[in-house]
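Work through the exercises below with the sequence and the model open. Try each task before reading its solution.

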Amino acid sequence: MEQIRVLVVGCGNMGASHATAYHHDAGFEVVGLVSRGTSKDVLNAKLGTNYPTFEDYSEALARVQPDAVCISTYPDTHESYAIMAFDAGAHVFIEKPLADTVLGATRVIDAAKRSGKKLVVGYILRHHPSWIKFVELGKTLGSPLVFRMNLNQQSQGYMWDVHKNLMNSLSPIVDCGVHYIDVMCQMTTANPVQVTAIGARLTDEIPADNYNYGQLQIRFDDGSVGWYEAGWGPMMSETAFFVKDVIGPKGSVSIVAKEASAAGKSDSVAAHTQTESIRLHHAALDADNKFIRADEWFDLTDEPDHQALCDREQAFFLHAIKHDIDLSKSMDDALNSLRIAIACDESVKTGAVVSLR
């Protein structure tokens with residue numbers, strides 16, 4: 001099959017990484033870079049390329065007529081940009097979250113099905129060998145499960161600008177939370193039934209109706225429970241900011257990221273996907289209530305960095321297109337994690353327990 005001609009929309013952190021993946025993958029041909037600012041020019045210079053650049057997405061779509069579109073813009077544009085791409089007959093890779101509302105995400109999925117084109121959502125942890133192992137081990141711990149996860153980011157400089165821009169669309173527990181809610185839902189086949197959440201607006205630099213610190217709690221119908229915490233900004237603490245922990249009747253499994261959880265790295269995009277080690281604890285006791293088995297450590301030799309993960313995501317996108325892979329389950333999963341996260345956002349803003357039944 002000929003190369004997939006891809007239009008990259010949004011050339012910031014994630015867009016630049018995805019464009020780099022396309023640039024180095026012989027299965028793709030980059031046919032345009034779209035951004036409202038100078039990031040597209042910076043990206044061209046970084047790659048040593050002269051890809052066509054555009055300020056306006058609709059103009060680029062009409063002129064280039066790509067086979068695929070990569071959308072890495074702010075979440076409030078995801079729905080309209082994705083539907084425009086499907087209507088133009090293009091496959092879509094879109095950064096999470098799928099949209100900024102559940103209804104919008106549903107409309108995107110409907111457009112994908114109507115067009116017969118592929119929709120891949122950027123759940124990067126699904127392509128990470130250590131996170132795949134983490135989920136696999138979590139499934140062995142029995143039921144119910146307890147999920148304990150957070151990712152607080154003491155952001156400054158460029159990353160604080162990025163976070164403030166993101167908070168014009170969504171809160172941290174929605175934008176980041178969908179990743180970790182998705183991990184929880186992969187580990188248990190139980191249905192989420194109820195959420196509660198709290199949040200605080202710790203700066204006047206964000207919209208009055210948003211918050212830059214949030215913590216959510218989820219109840220599942222098998223008794224499993226989980227929490228996730230996310231805060232962005234220069235005021236955030238770096239004490240216990242990186243927790244990835246699952247507990248079940250048979251023991252617990254934890255990601256121990258020694259380097260990624262070091263001081264000063266909480267807002268590093270590269271550090272967020274580092275695992276380094278996985279610790280599996282066995283709960284079984286002998287007649288004297290002593291542990292029967294020692295803890296096991298898993299240090300996977302295949303530990304891709306952030307760019308390598310983006311390369312894998314785009315290789316999967318290419319595979320899905322060329323081999324006509326059925327993506328119904330992954331689309332449903334993306335919608336489900338967003339539905340839970342949006343319900344948590346509602347709980348923060350209303351102070352109410354939100355039912356998912």
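The model is predicted, so local features need pLDDT of at least 70 and side-chain atom pairs count only at pLDDT 80 or more, while totals for chains, interfaces and linings use all residues. Residues are numbered from 1 along each chain as its sequence is written, and side-chain values use heavy atoms, with hydrogens and water left out.

**Exercise 1.** Find which strands stand at the edges of the six-stranded sheet.

Solution. Step 1: write down the strand order, which is S3-S2-S1-S4-S5-S6 in an open sheet with parallel pairing. Strands (E, at least two residues) and helices (H or I, at least four) are DSSP runs numbered from the N terminus, and two strands pair if DSSP finds at least two bridges between them. Step 2: look for strands with a single partner. Step 3: check the pairing of S6. Strand S5 (residues 91–95) is joined to S6 by four bridges in the parallel sense, and glutamate 95 has glycine 122 in S6 as its bridge partner.

**Exercise 2.** Describe how H5 and H11 are placed relative to each other.

Solution. Step 1: compare the axes (lines fitted to C-alpha atoms over the stretch in contact, with angles from 0 to 180 degrees between N-to-C directions). Those of H5 (residues 102–115) and H11 (residues 328–350) come within 9 Å and cross at roughly 170°. Step 2: classify the angle. H5 and H11 are therefore roughly antiparallel (over 145 degrees). Step 3: list the contacts (heavy atoms within 4.5 Å). H5 contributes residues including Val102, Ile109 and Lys113, and H11 residues including Met331, Leu338 and Arg339.

**Exercise 3.** Locate the edges of the nine-stranded sheet.

Solution. Step 1: read the order, S14-S13-S12-S11-S7-S10-S9-S8-S15, in an open sheet with mixed pairing. Step 2: pick the strands that pair on one side only, namely S14 (296–298) and S15 (354–355). Step 3: inspect S14. Strand S13 (residues 277–282) runs antiparallel to S14 and is joined to S14 by three bridges, with arginine 279 opposite tryptophan 297.

**Exercise 4.** Is asparagine 150 buried or exposed?

Solution. Step 2: take its relative accessibility, 2%, which counts as buried (under 20%; exposed is over 50%, partly exposed in between, with a 1.4 Å probe and protein chains only). Step 3: examine its side chain. A polar atom there lies 2.8 Å from the backbone oxygen of alanine 240.

Notes: A polar contact is a pair of N or O atoms within 3.5 Å; within protein, one must be able to donate a hydrogen and the other to accept it, and residues adjacent in sequence count only if both atoms are side-chain atoms. Angles under 35 degrees count as roughly parallel, over 145 as roughly antiparallel, 65 to 115 as roughly perpendicular and the rest as oblique.
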